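These are my notebook entries on one model, kept in the order in which I looked things up. I wanted to set the annotated positions beside the geometry around them.

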Amino acid sequence: MADIPSDAPQHCPGTASEQAGKTSACQGCPNQNLCSSGATKAPDPAIEEIAEKMLTVKHKILVLSGKGGVGKSTFSAHLAHALASDATKEVALLDVDICGPSIPRIMGLEGEQVAGLSLCLSPRYVEDNLAVMSIGFLLSSPDDAVIWRGPKKNGMIKQFLRDVDWGELDYLIVDTPPGTSDEHLSIVQYLSSARIDGAVIITTPQEVSLQDVRKEIRFCQKVQLPIIGVVENMSGFVCPKCKVNLPPTTGGAERMCEEMNLTLLGRVPLDPRIGKSCDEGKSFLSEVPDSPAAAAYHSIVQSIQAYCLSHVTREESAG
Amino acid sequence: MDIIKGGNLAQVQHVVLILSGKGGVGKSTLTTELALALRHAGKKVGILDVDLCGPSIPRMLSVGKPEVHQCDSGWVPVYTDAQKSLALMSIGFLLEDPDEAVVWRGPKKTALIGQFVSDVAWGELDVLLVDTPPGTSDEHLAVLENLKKQHKVDGAILITTPQAVSTGDVRREITFCKKTGLRILGIVENMSGFVCPHCSECSNIFSKGGGEELAKLTGSVYLGSVPLDPLLTTSIEEGKDFIQTFPDSATFSAINSIAQTLLTSIQNP
């Protein structure tokens, strides 16, 4: 049951609360008996169902940032493209940004609807070995707004994890919206029995981003989500005419990583061709393969792969 | 819906939401700059920051971590100066530790936003700007529902950057406005061209023109564009008043023009 059911009274304590069914607000609520019986505090059965589904997924990576617009979706898309460039690997990209799903456009899949909404959601394929799922595929028009409160968003995320026919995957990458709220709690909760390899945190060099990203890092620590490392995106811009570089003001991601004892996976420079590729639904790594930004992406992806593989080795030795 | 008479918004003349479906387009930056421009034009302004997970306003206005006091009517807003020309409220002021994550699900966010709307003693204001997080979810529904109970909401300004990835999300925000009966006061295209501070060369880092096209496509007013100005970025980073420091810049001129159009629009609905 959703934490606050749609027919709950105004001051519902939440179905998972110790006070569920027992507070004065619960009087008269149709769910009162169910809540006070303790049934609603039982773990959601979907967690085990999802864990079962995820047995065929070797590595799960979340892409997070406290801050909006730093390039999470751009990075997630290019991480997916880079991993899928090895034809022997099966890769999937799940977009859980329910209100602002950018992945369909960035992956060149805009306007593609997904068949079979009710029981088995099938992802769309960019390549034979690169699958994508997003709420964007379930919307019939580019103007459709998903005006949903938290519980409904959580339900969608549960469906994406439990009901999408992912098949056997080497990598499942999950692109998230900015913040530390329903979507983030849900993805961590629903994957809690399925072992997430870790999170890649995206930031830009500015303090206005870093201050939100520190909160995201605290979130990861609170929910015991390992952090693979931090990527500093839009890292410096070199004017194409005078070639002067514009540096960050408070030490950027490097200083933050030192202070918080995290790995700086790399810096991706601000290249206008990246935004253009995203708008056109093309992989920047294919469009401009010799650019410094593409080299930065490849280096970061290699670090992430190495982390995932060493993670497996550690688990196997411990087991 | 009957509007509750009296209350903390009774002496607030106009309320404008700053929205975008997309994150990182400059909602907080433009909320801050529009507030400063309106103040510069002699108005008493307030900013209500309902981005609970990523509250940016306190740092942008360099107010540090002041204590928020209570009075008979509720919370006293934080003022940026002794003249009380700019009043603020943000969850940023209520956190013990600035790096503390607010890890709340929707209902809890909704409850605090309800309090922010009704329990801040704004006093007399010409304009209250409401900065929002990206999206069309709990925070947006909460602030709109609570504002409508207390006060006429003049409308919303939508911020986008030029590229299709942004305008794609802002189209959905436009639908949100239409579905909730929120008047769209206009669209602003931010980061519209980058002007190098050294050689004045203009590069279209995030392409150009998408905001204007979006306005045409959706029948909305185009309020104007604001360039990606490293001097503005630095001011925001350092919490300085850009308008005091660079009053002659093209960027200030663009922001001021938008502020003036906004004022005309809300004063003559």
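**Conventions.** I noted that this is a predicted model, in which local features need pLDDT of at least 70 and side-chain atom pairs count only at pLDDT 80 or more, while totals for chains, interfaces and linings use all residues. Residues are numbered from 1 along each chain as its sequence is written, chains are lettered from A and ligands numbered from 1 in the order in which they are written, and side-chain values use heavy atoms, with hydrogens and water left out.

For volume I took the space filled by probe spheres set on the points, which are joined across faces, edges and corners. The structure has one cavity of 30 Å³ or more, and the volume of the largest cavity is about 60 Å³. Its lining includes P9(A), P13(A), G14(A), T15(A), A20(A), G21(A) and A25(A). I sorted the lining into eight nonpolar residues, four polar and no charged, with Ala, Val, Leu, Ile, Met, Phe, Trp, Tyr, Cys and Pro as nonpolar, Asp, Glu, Lys and Arg as charged, and the others, Gly among them, as polar.

I then checked UniProt, where an unreviewed entry places a "binding site" at C12(A), C26(A), C29(A) and C35(A); its positions are given in the numbering used here, feature names are shortened, and annotations may be inferred rather than shown by experiment. These residues are spread over 24 residues of sequence, yet they cluster in space, with a largest C-alpha distance of 10.7 Å. C12(A), C26(A), C29(A) and C35(A) also belong to the lining of the largest cavity.

I placed C12(A) in the segment before α1 (32-36) of chain A, where helices (H or I, at least four residues) and strands (E, at least two) are DSSP runs, numbered from the N terminus. C12(A) counts as buried because its relative accessibility is 18%; the classes are buried under 20% relative accessible area, exposed over 50% and partly exposed in between (1.4 Å probe, protein chains only). C26(A) is in the segment before α1 of chain A as well and is buried at 6%. Apart from neighbours within four places in sequence, C26(A) is in contact (heavy atoms within 4.5 Å) with P13(A), Q19(A), G21(A) and Q32(A).

I found G21(B) in the loop between β1 (12-19) and α1 (27-40) of chain B, buried at 8% relative accessible area. Residues up to four places away not counted, G21(B) touches P134(B), G135(B), D169(B), V170(B) and E173(B). V25(B) is in the loop between β1 and α1 of chain B, and I noted it as buried at 1%. Neighbours within four places aside, its contacts include I159(B), T160(B), T161(B), N190(B) and M191(B).

**Backbone angles.** Which phi did I note for Q224(A), which is not a glycine? Its phi is positive, about 55°, and Q224(A) sits in the loop between α7 (207-222) and β7 (227-232) of chain A, exposed at 72%. M234(A), a residue other than glycine, has a positive phi near 50°; M234(A) is in the loop between β7 and α8 (252-260) of chain A and is partly exposed at 21%.

How values were computed
On a 1 Å grid over the protein atoms alone, a cavity is a set of points where a 1.4 Å probe fits but cannot get out, and a pocket is an open set with protein on both sides within 12 Å along at least five of seven lines; lining residues have an atom within 4 Å of a point.
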